[in-house]
Amino acid sequence: MSFTPALDFAFEIRAEVSDSLHIGNGDGEVTEFTPITGGSVDGPRLRGKVLPGGGDWSSTRGEVCELEARYLLQAEDGAVIDIVNRGYYRPKADCPDQFDGDVQVTEAGHYYRTSPVFRTDAAAHRWLAETVFVGLARPDGDKAVIIRMYALK
């Protein structure tokens with residue numbers, strides 16, 4: 001008997017960013033930091049904002065960029081939620097534009113996926129810290145990244 005896990009759309013993060021800062025080169029790797037300056041959270045399971053002050057550390061080897069972002073979300077009720085979001089960005093010719101209904105969730109020609117982990121002690125949002133998520137990401141111009149978060153059922 002075959003089983004395929006299902007994903008349930010939870011919310012979308014729009015993280016606003018400023019210019020990346022070069023940290024260093026070493027053994028074919030480029031390391032950078034991209035500050036996160038704010039943004040929004042919107043969806044059926046969570047609404048709020050991205051607090052300024054976090055950022056995304058990236059290491060690129062060849063065409064593969066390994067990402068590790070850490071920042072804070074603030075829910076509409078004021079609860080603060082920590083997120084560590086790891087993933088990969090790389091060109092991949094056979095990746096098409098993908099849509100969830102009418103909403104574009106990925107960009108053709110790019111594999112941009114994340115695996116976020118959340119922490120909070122706010123009772124209304126504990127489900128975030130007790131659920132596995134998959135993020136489908138895409139750039140929104142030069143100054144923002146949109147990550148559509150799906151809970152694994």
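This is a predicted model: local features need pLDDT of at least 70, side-chain atom pairs count only at pLDDT 80 or more; totals for chains, interfaces and linings use all residues.

Visitor: Why is L7 called partly exposed?

Guide: The relative accessible area of L7 is 43%. Buried means under 20% and exposed means over 50%, with partly exposed in between; L7 is therefore partly exposed. This residue lies in strand β1, which covers residues 7–17.

Visitor: What makes L7 part of a nonpolar patch on the surface?

Guide: A patch takes residues with over 30% relative accessible area, and L7 has 43%. Nonpolar side chains are joined within 5 Å, and L7 forms the patch with V132 and L152. Together they have about 250 Å² of accessible area.

Visitor: Why does D94 count as exposed?

Guide: The cut-off for exposed is over 50%. D94 has 58% relative accessibility, so D94 counts as exposed. D94 is found in the loop between β6 and β7. Its C-alpha atom is separated by 32 Å from that of G54, 40 residues apart along the chain.

Visitor: What makes up the lining of the largest pocket?

Guide: The lining has 13 nonpolar, 8 polar and 3 charged residues. Of the 24 lining residues, T34, D56, L67, Y112 and V145 lie nearest the centre of the pocket. Strand β5 gives the most to the lining, with 4 residues. About 530 Å³ of space lies in this pocket.

Terms used
Residues are numbered from 1 along each chain as its sequence is written. Side-chain values use heavy atoms; hydrogens and water are left out. Patches are made of residues with over 30% relative accessible area and no salt bridge: like charges are joined within 9 Å, nonpolar side chains (Val, Leu, Ile, Met, Phe, Trp, Tyr) within 5 Å. Accessible areas come from the Shrake-Rupley method with a 1.4 Å probe; for residues, only the protein chains shown count as cover. A salt bridge is a side-chain nitrogen of Lys or Arg within 4 Å of a carboxyl oxygen of Asp or Glu. Helices (H or I, at least four residues) and strands (E, at least two) are DSSP runs, numbered from the N terminus. Buried means under 20% relative accessible area, exposed over 50%, partly exposed in between (1.4 Å probe, protein chains only). On a 1 Å grid over the protein atoms alone, a cavity is a set of points where a 1.4 Å probe fits but cannot get out, and a pocket is an open set with protein on both sides within 12 Å along at least five of seven lines; lining residues have an atom within 4 Å of a point. Grid points are joined across faces, edges and corners, and a volume is the space filled by probe spheres set on the points. Ala, Val, Leu, Ile, Met, Phe, Trp, Tyr, Cys and Pro count as nonpolar, Asp, Glu, Lys and Arg as charged, and the others, Gly among them, as polar.
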